Amino acid sequence: MEVDPCEKCEELLQPYLDRELSDAERAEAELHLDTCSYCRKRYRFEEELRRFVRQAAAEEMAPELKLKLSQLRTSLF
Amino acid sequence: MGESPAAFTGPKNDDARVAAMGETTPEADPRKLAEEARDRVRFEEEALDLADQVYRVARRLVSTREEAEDLMQETYSRAFRAWRSFQPGTNLRAWLLRILTNLNIDRGRKQQRSPDLQPLEEGDYYLYNRLEEAGREPNVEQERVDERLSQEDVVAALSAVPHDFRDVVVLVDIGDFSYADAAQILEIPIGTVMSRLHRGRRILKRELADEAVGSA
């Protein structure tokens with residue numbers, strides 16, 4: 001049975017963005033993306049989502065903790 | 001995935017062994033002692049330079065800031081004792097995170113783990129489709145995902161992902177580790193990293209959809 005090209009493209013989304021696809025698979029995904037705005041929108045969204053998650057999840061370390069970590073260093077004398 | 005391949009050897013999570021390594025002294029040759037002191041200082045400085053990056057991952061592996069801070073202190077204390085077991089030239093950030101994830105698992109996390117083996121029907125377009133159905137189609141032309149989702153949504157959704165999946169998502173998507181590094185840090189096969197990552201991201205998107213537009 002013929003696989004729905006958008007379903008196939010959805011399956012390739014994660015490895016595509018992780019750059020884990022073979023050249024042939026990558027070419028297949030890009031060929032479909034060139035002609036399918038449905039998938040293209042969703043790929044762009046996923047890319048932006050990953051960027052947003054990384055940024056939103058970032059929490060800076062308190063300066064006090066950094067100081068405490070420095071104090072764990074072994075004394076040389 | 002900007003890291004070099006992780007050909008590192010992490011320390012075993014064994015207090016006695018680590019402590020013993022820390023107590024080993026080189027031969028009492030002044031020149032060797034000086035070299036040793038210099039190597040140790042360099043190691044400690046490099047490890048401290050990475051603390052911000054290690055903390056960013058640690059913070060999302062656990063629920064609270066306090067837990068992350070305790071874990072960081074324990075990790076660095078152990079790393080400074082076991083510094084000789086680090087192979088210079090390999091990936092120090094991965095080595096530190098291997099200590100940290102081992103400690104985290106040892107802290108009784110196994111007890112709260114329950115593998116998420118429920119079927120997950122949602123595909124990778126799920127979040128976009130849910131936003132679209134709710135009349136909140138993401139405007140990707142303007143790249144404004146932040147208009148649809150808040151920082152709190154992301155934090156809540158991440159913390160709802162079961163630990164085994166979250167560990168991999170956090171290491172790869174927040175820590176920017178390669179699949180190979182994540183596999184070495186967590187001591188699991190690379191195929192398991194890939195399957196947990198795939199599933200973990202889908203769970204994350206389901207949680208984000210629930211945060212953004214309510215449960216289906």
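In this predicted model, A:L69 is in contact with B:L48, B:A51, B:M72, B:Q73 and B:Y76, once its neighbours within four places in sequence are set aside. A:L69 sits in helix 4 of chain A, residues 63–71. A:L69 has 24 C-beta neighbours inside 10 Å and therefore counts as buried.

These contacts belong to the interface of the two chains. Chain A brings 28 residues to the contact and chain B brings 34. On chain B, the elements that each supply at least two residues to the side touching chain A are helix 2 (30–49), helix 3, helix 4 (65–81), helix 7 (151–160), helix 8 (163–174) and helix 10 (190–213). By residue class, that side of chain B holds 17 nonpolar, five polar and 12 charged residues. For the complex, the predictor gives an ipTM of 0.84 and a pTM of 0.80.

Chain A has four helices and zero strands, and its elements run α-α-α-α from the N terminus. The radius of gyration of chain A is 22 Å, well over the 11 Å that the globule rule gives for 77 residues, so chain A is more spread out than a compact globule. Along the principal axes, the C-alpha atoms of chain A fill a box of roughly 75 × 25 × 20 Å. Of the 77 residues in chain A, 21% are buried.

Chain B is assigned two domains, domain 1 (15–111) and domain 2 (126–213). Between these domains of chain B, 11 residues of domain 1 are in contact with 13 residues of domain 2. On the domain 1 side, helix 3 (51–61) and helix 5 (92–112) of chain B give two or more residues each. Helix 5 of chain B gives the most to that side, with five residues. The domain 1 side divides into four nonpolar, three polar and four charged residues.

The largest nonpolar core has 56 residues, and B:A58 and B:A182 touch the most other members. Helix 8 of chain B provides the largest share of this core, seven residues. Both domain 1 and domain 2 of chain B give residues to this core, so it lies between them. Beyond residues up to four places away in sequence, B:A58 touches B:A68, B:L71, B:M72 and B:L100. A second, separate core has six residues, among them A:L12, A:Y16, A:C39 and A:Y43.

B:A182 is also one of the buried residues of helix 9 of chain B, together with B:D181, B:A183, B:Q184, B:I185 and B:L186. Helix 9 (residues 179–186) of chain B is mostly covered, with six of its eight residues buried. Just after helix 9, B:E187 takes a positive phi of about 55 degrees.

Confidence in chain B can be read from its pLDDT. The mean pLDDT of chain B is 81, and 76% of its residues reach 70 or more.

Where pLDDT is low, the predicted coordinates should not be read in detail.

Definitions and conventions: Residues are numbered from 1 along each chain as its sequence is written. Chains are lettered from A and ligands numbered from 1 in the order in which they are written. This is a predicted model: local features need pLDDT of at least 70, side-chain atom pairs count only at pLDDT 80 or more; totals for chains, interfaces and linings use all residues. Domain bounds come from an automatic or database domain assignment. Two residues are in contact if their C-beta atoms, placed from the backbone, lie within 7 Å. Ala, Val, Leu, Ile, Met, Phe, Trp, Tyr, Cys and Pro count as nonpolar, Asp, Glu, Lys and Arg as charged, and the others, Gly among them, as polar. A residue is buried if 20 or more other C-beta atoms lie within 10 Å of its own, exposed if 12 or fewer, and partly exposed in between; C-beta atoms are placed from the backbone. A nonpolar core is a set of buried Ala, Val, Leu, Ile, Met, Phe, Trp, Tyr and Cys residues joined through C-beta atoms within 7 Å. pLDDT is the predictor's confidence in each residue, from 0 to 100. The radius of gyration is taken over C-alpha atoms; the globule rule is 2.2 Å times the number of residues to the power 0.38.
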